[in-house]
Amino acid sequence: MAKEILYTTSGTCSKTIELALDDEGRISRCHIEGGCPGYSLGLSRLVVGMKPADIIERFRGLRCGKKPTSCPDQLSLALEQLERQP
């Protein structure tokens with residue numbers, strides 16, 4: 001069954017991350033609102049078709065400069081939340 005989430009980010013220039021998983025559990029849609037336009041678009045396109053666990057493993061804990069988080073880290077948090085949904 002497909003799942004969707006609209007995740008509100010914290011501590012980053014981006015404001016929200018919209019995600020959807022297909023019936024096979026792969027990312028079918030990713031839209032990052034706010035932040036650096038080219039980076040957000042590139043990151044969104046990069047993750048489509050991937051398994052959430054692969055993204056979480058690679059992006060979890062990444063920081064942006066001195067900030068305690070980053071857009072990739074927030075994406076991993078959004079995916080963790082999405083995977084916990086029934």
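These legends describe close-up views of one predicted model. Residues are numbered from 1 along each chain as its sequence is written. Local features need pLDDT of at least 70, side-chain atom pairs count only at pLDDT 80 or more, and totals for chains, interfaces and linings use all residues, while side-chain values use heavy atoms, with hydrogens and water left out.

**View 1. Three strands make an open, antiparallel sheet.**
The strand order is E1-E2-E3. Strands (E, at least two residues) and helices (H or I, at least four) are DSSP runs, numbered from the N terminus. Two strands pair if DSSP finds at least two bridges between them. Strand E1 (3–8) and strand E3 (27–34) are the edge strands, and each pairs on one side only. From one strand to the next, the twist averages 10°. In a regular strand the side chains alternate between the two faces of the sheet.

**View 2. Strands E1 and E2 form a hairpin.**
Five residues lie between E1 and E2. Gly11, in the turn, has a positive phi of about 80°. Six bridges join E1 to strand E2 (residues 14–21), and the two run antiparallel. Lys3 stands opposite Leu21 in E2.

**View 3. E2 and E3 also form a hairpin.**
This hairpin has five residues between the strands. Here Gly25 takes a positive phi near 85°. Seven bridges join E2 to E3, which run antiparallel. Thr16 has Glu33 in E3 as its bridge partner.

**View 4. Gly34 is found in strand E3.**
Gly34 is partly exposed, with a relative accessible area of 29%. The classes are buried (under 20% relative accessible area), exposed (over 50%) and partly exposed (in between), with a 1.4 Å probe and protein chains only. Lys15 is 19 residues away from Gly34 along the chain, and their C-alpha atoms are separated by 5.5 Å. Contact means heavy atoms within 4.5 Å. Leaving aside neighbours within four places in sequence, Gly34 is in contact with Cys13, Ser14, Lys15 and Ser40.

**View 5. Helix H3 (residues 71–84) packs on the sheet.**
H3 touches E1, E2 and E3. The direction of H3 makes about 135° with that of E1. Axes are lines fitted to C-alpha atoms, for helices over the stretch in contact, and angles run from 0 to 180 degrees between N-to-C directions. Gln74 is found in H3. At 3% relative accessibility, Gln74 counts as buried. Not counting residues up to four places away in sequence, Gln74 touches Tyr7, Thr9, Ser10, Thr12, Ile17 and Thr69.

**View 6. The largest nonpolar core holds 18 residues.**
A nonpolar core is a set of buried Ala, Val, Leu, Ile, Met, Phe, Trp, Tyr and Cys residues joined through side-chain atoms within 4.5 Å. Leu19, Ile27, Cys30, Val47, Ile55 and Leu75 touch the most other members. Two or more residues come from each of E1, E2, E3, helix H1 (37–47), helix H2 (52–59) and H3. H3 gives the largest share, four residues. Leaving aside neighbours within four places in sequence, Leu75 is in contact with Ile17, Leu19, Cys30, Leu43, Val47, Ile55 and Phe59.

**View 7. H1 packs against H3 at an angle of about 40°.**
The axes of H1 and H3 are 11 Å apart. That makes H1 oblique to H3. Angles under 35 degrees count as roughly parallel, over 145 as roughly antiparallel, 65 to 115 as roughly perpendicular and the rest as oblique. The crossing of H1 and H3 is right-handed. A crossing is right-handed if the near helix is turned clockwise from the far one by less than a right angle, and left-handed if anticlockwise. Tyr39, Leu43 and Val47 in H1 meet Cys71, Pro72 and Leu75 in H3.

**View 8. H2 packs against H3 at an angle of about 145°.**
The axes of H2 and H3 are 9 Å apart. Their crossing, H2 with H3, is left-handed. From H2, Pro52, Ala53, Ile55, Ile56 and Phe59 meet Pro72, Asp73, Leu75, Ser76, Leu79, Glu80 and Glu83 in H3. Ser76 is buried, with a relative accessible area of 0%. Leaving aside neighbours within four places in sequence, Ser76 is in contact with Ile56, Phe59 and Arg60.
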